[in-house]
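Here's a quick briefing to read alongside the coordinates. Have the viewer open and follow along.

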Amino acid sequence: MGVPFEALIPYAIMLGMFGISGAGLSQIRHMQNGGKRARHSIDQWDRQMMDRDRRLTGYLRGQTDNPEAPPGFELNNPWRTQSRLY
């Protein structure tokens, strides 16, 4: 005797919801990266350059070909102050 198709409906709903949530998460990540592919194996140099790009353009993955920095960039120092122990 076969399985009635009514028993398969919940599995189809679960599979559909997993697919919709996966596609939505992928789209959100794509939008957060400015339409670019996600980065992997980011080292300290890449983080430093991404921080510099964020300070220059306002976006973490943004890049500019302008040879001159925008006004106020010379005051936008990435170095953090160090808290003293004494």
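This is a predicted model: local features need pLDDT of at least 70, side-chain atom pairs count only at pLDDT 80 or more; totals for chains, interfaces and linings use all residues.

Residues are numbered from 1 along each chain as its sequence is written, and side-chain values use heavy atoms, with hydrogens and water left out.

**Overall make-up**

- The protein has two helices and zero strands; these are DSSP runs numbered from the N terminus, with helices being H or I of at least four residues and strands being E of at least two.
- Helix H1 covers residues 9–32, and helix H2 covers residues 44–57.
- Of the 86 residues, 9% count as buried. Buried means under 20% relative accessible area, exposed means over 50%, and partly exposed is in between, using a 1.4 Å probe and protein chains only.

**Surface**

- The accessible surface comes to about 8,200 Å², and carbon and sulfur atoms account for 60% of that. The areas come from the Shrake-Rupley method with a 1.4 Å probe, and for residues only the protein chains shown count as cover.
- Val-3, Leu-8, Tyr-11, Met-14 and Phe-18 make a nonpolar surface patch of about 600 Å². Patch residues have over 30% relative accessible area and no salt bridge; like charges are joined within 9 Å, and nonpolar side chains (Val, Leu, Ile, Met, Phe, Trp, Tyr) within 5 Å.

**Salt bridges**

- Side chains of opposite charge can pair when their charged atoms come close.
- A search of the whole structure turns up three salt bridges, where a salt bridge is a side-chain nitrogen of Lys or Arg within 4 Å of a carboxyl oxygen of Asp or Glu.
- Asp-51 pairs with Arg-54, with the closest N and O atoms 2.7 Å apart. The two are three residues apart in helix H2, so about one helical turn separates them.
- Asp-51 also pairs with Arg-55, and here the closest N and O atoms are 3.9 Å apart. These two are four residues apart in H2, so again about one helical turn lies between them.
- Put together, Asp-51, Arg-54 and Arg-55 are linked in a network of salt bridges.
- How buried or exposed are the network members? Asp-51 is buried at 19% relative accessibility, Arg-55 is buried too, and Arg-54 is partly exposed at 38%.
- Asp-53 forms a salt bridge with Arg-52, with the closest N and O atoms 3.0 Å apart. Asp-53 is buried, with a relative accessible area of 8%, while Arg-52 is partly exposed at 33%.

**Outside the helices**

- Most residues other than glycine have a negative phi.
- Ser-41 belongs to the loop between H1 and H2 and counts as exposed at 73% relative accessibility.
- Gln-63 is in the segment after H2 and is exposed at 58% relative accessibility.
- Leaving aside neighbours within four places in sequence, Gln-63 is in contact (heavy atoms within 4.5 Å) with Arg-39, Asp-53 and Thr-57.
- The C-alpha atoms of Gln-63 and Met-49 are separated by 9.9 Å, with the two residues 14 apart along the chain.
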